[in-house]
Structure formats: C-alpha cells, structure tokens
Amino acid sequence: KRDLLLFDDFFQKYDQFDNCEKLTTVDLVGGIHKTVASLHMYSWRTKMTAEIIRINQILPTTLARKKTDQIRQWMESAVDNLDHYKAEDNRYVKEASTLLELAL
C-alpha cells in the first residue's frame, strides 16, 4: 500500500508523475471504496470519502514538477486514515461481540 511508487536511486527522489502537466485526476481501483463503505461510523465514511476525492481537487493546481510529491503525501494520508478507522472499527465490532456473548 505504501510503496506503490518506486524510488529513483539515481535522482534520490520519487518522480513518476513529475512534469505530467495534464495529470489532473486519480481514479482509485480495487476494494478501497467497499472498505470505506463498510466502516460502521458515518463520520469515518464521510472523512474517508473526502480524503479520497481531495487529490482531484489539488492536482489541477499543483505544479507539474510537484505532482509526484503531492500524490505521495495524499496516498500516505489516505492509508494512515484508513488504517486508523479500520482498527477502530474492528475494536468496536469486537467490543459489541463481547457484549452480545455476555448477554447470551
């Protein structure tokens, strides 16, 4: 998840999207949308949806030479937030399961 972009050892930086002036949107594939939809707290789903679409609001005005940095920062933020919400979600589910078991 975190190392989808390759580090350029020669230039000592990530530069896959630098100078891509026409890059203005990122479309996510895979199960992230399902994962976000499965979060139990509405506020978490809302925050993650906002985080996912944030990159498409930022990229059009990002300088071409900074596109890779901007995408990397966004990816790290989105993954960190999603990991946090998934952990909290699992904690709540586990707590609810324990309470249900005790009630039975």
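Helices are DSSP runs of H or I (at least four residues) and strands are runs of E (at least two), numbered from the N terminus. The model is predicted, with local features needing pLDDT of at least 70 and side-chain atom pairs pLDDT 80 or more, while totals for chains, interfaces and linings use all residues. Residues count from 1 along each chain as its sequence is written, and side-chain values use heavy atoms, without hydrogens or water.

Q: How many helices are there in the protein?
A: Reading from the N terminus on, the elements run α-α-α. The strand count is 0. That leaves the helix count at 3.

Q: Among contacts in the protein between residues at least 6 apart in sequence, what share joins residues at least 24 apart?
A: A contact means heavy atoms within 4.5 Å. Take the contacts whose partners sit at least 6 residues apart in sequence, then keep those joining residues at least 24 apart. The share you end up with is 70%.

Q: How do H2 and H3 run, roughly antiparallel or roughly parallel?
A: The axes (lines fitted to C-alpha atoms over the stretch in contact; angles from 0 to 180 degrees between N-to-C directions) come within 10 Å and cross at roughly 170 degrees. Angles under 35 degrees count as roughly parallel, over 145 as roughly antiparallel, 65 to 115 as roughly perpendicular and the rest as oblique. So H2 and H3 are roughly antiparallel.

Q: Which residues of H2 make the contact with H3?
A: On the H3 side, the partners include Gln 70, Ile 71, Trp 74, Ser 77, Ala 78 and Asn 81. Further along H3 come Leu 82, Tyr 85, Glu 88, Asp 89 and Tyr 92. From H2, the contact is made by Trp 44, Lys 47, Met 48, Glu 51, Ile 52, Arg 54, Ile 55 and Ile 58.

Q: Which elements do the buried residues of H3 pack against?
A: Begin with who is buried in H3: Lys 67, Thr 68, Ile 71, Trp 74, Met 75, Ala 78, Val 79, Leu 82, Tyr 85 and Asp 89. Among them, Thr 68 counts as buried because its relative accessibility is 0%. These buried residues of H3 pack against helix H1 (32–38) and H2.

Q: How far apart in space are Met 48 and Ala 78, C-alpha to C-alpha?
A: Met 48 sits in helix H2, and its relative accessibility of 0% makes it buried. Leaving aside residues up to four places away in sequence, Met 48 touches Val 36, Leu 39, Ala 78, Asn 81, Leu 82 and Tyr 85. Met 48 and Ala 78 are 30 residues apart in sequence, yet their C-alpha separation in space is 7.3 Å.

Q: How many aromatic pairs does the structure hold?
A: Rings of Phe, Tyr and Trp (its six-membered ring) pair if their centres lie within 6.5 Å; planes under 30 degrees apart count as stacked, over 60 as edge-to-face and the rest as tilted. Ring pairs tie Trp 44, Tyr 85 and Tyr 92 into a cluster. The pair count for the structure is 2.

Q: How far apart are the ring centres of Trp 44 and Tyr 85?
A: Trp 44 belongs to helix H2 and Tyr 85 to helix H3, 41 residues apart, so this pair links distant parts of the chain. Both residues are buried, with Trp 44 at 9% relative accessibility. Their planes are at 20 degrees, so the pair is stacked, and the centres are separated by 5.5 Å.

Q: What angle do the ring planes of Trp 44 and Tyr 92 make?
A: Trp 44 in helix H2 and Tyr 92 in helix H3 are 48 residues apart, another link between distant parts of the chain. Tyr 92 is partly exposed, with a relative accessible area of 37%. The ring centres are 5.7 Å apart and the pair is stacked, with the planes at 10 degrees.

Q: Which residues does Thr 62 touch, not counting residues up to four places away in sequence?
A: Thr 62 is in the loop between helix H2 (42–58) and helix H3 (67–103). With residues up to four places away in sequence set aside, Thr 62 touches Lys 67 and Gln 70.

Q: What is the phi of Asn 19, about how many degrees?
A: Asn 19 lies in the segment before H1. At a relative accessible area of 62%, Asn 19 is exposed. Asn 19 is not a glycine, but its phi is positive, at about 70 degrees.

Notes
Buried means under 20% relative accessible area, exposed over 50%, partly exposed in between (1.4 Å probe, protein chains only).
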